[in-house]
Amino acid sequence: MKTLFLPIVFFLITTFHFSFAQDNTLQRNINTNNTLKAQNVIFNDIESGILSNDIKKISKYFSSQPYISLINGVNGYYSTNQAYYILEDFFDAFKVVSFKISETKNDETVSFGKGDYYFEKKGKREIAHLYVTLSKTGSKWYITQISIN
């Protein structure tokens, strides 16, 4: 029993350390003045979150009231919780077929990304254009707008 205990403890410690190091690196990239690197991390998370239908990857960057405008008629400023559920419902109804952020414009305080959102709704494949705006407040970047039209 004692010989099994030590490898388990070692595994848990190294796993915890590795995941903490990854989170710490991401936070450093987002919270530092390394603007381009932070923006790229966020744009990659947005793309990945949309492709995997994982709103958590996107919502962690929401400003306190992001503006949401969608092809299903939803538009306005919403709390982070409302925005989470609105996007969750949208991506469930408009199933992603493919998505890639194809163009970004990076600035010191505001950045933009856009891409083509190919989706399937009721067995029909269509395309919409996705636009996302990032704004810097203090040392952190937030999603202030998402438009899919």
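The legends below describe close-up views of a predicted model.

View 1. A nonpolar core is a set of buried Ala, Val, Leu, Ile, Met, Phe, Trp, Tyr and Cys residues joined through side-chain atoms within 4.5 Å, where buried means under 20% relative accessible area with a 1.4 Å probe and protein chains only.

**View 2. The surroundings of Ile 143.** Leaving aside neighbours within four places in sequence, Ile 143 is in contact (heavy atoms within 4.5 Å) with residues including Ile 46, Phe 62, Val 132 and Thr 133.

**View 3. Thr 133 in strand S5.** Thr 133 is buried, with a relative accessible area of 12%, and, not counting residues up to four places away in sequence, Thr 133 touches Phe 112, Ile 143 and Gln 145, among others.

**View 4. Strand S1 and its partners.** Two strands pair if DSSP finds at least two bridges between them. S1 and S6 pair in the parallel sense over five bridges, with Ile 146 in S6 as the bridge partner of Ile 68. S1 and strand S2 (residues 75–77) pair in the antiparallel sense over three bridges, and Tyr 67 stands opposite Tyr 77 in S2.

Residues are numbered from 1 along each chain as its sequence is written, and side-chain values use heavy atoms, with hydrogens and water left out. Local features need pLDDT of at least 70 and side-chain atom pairs count only at pLDDT 80 or more, while totals for chains, interfaces and linings use all residues.

Methods:
Helices (H or I, at least four residues) and strands (E, at least two) are DSSP runs, numbered from the N terminus. Buried means under 20% relative accessible area, exposed over 50%, partly exposed in between (1.4 Å probe, protein chains only).
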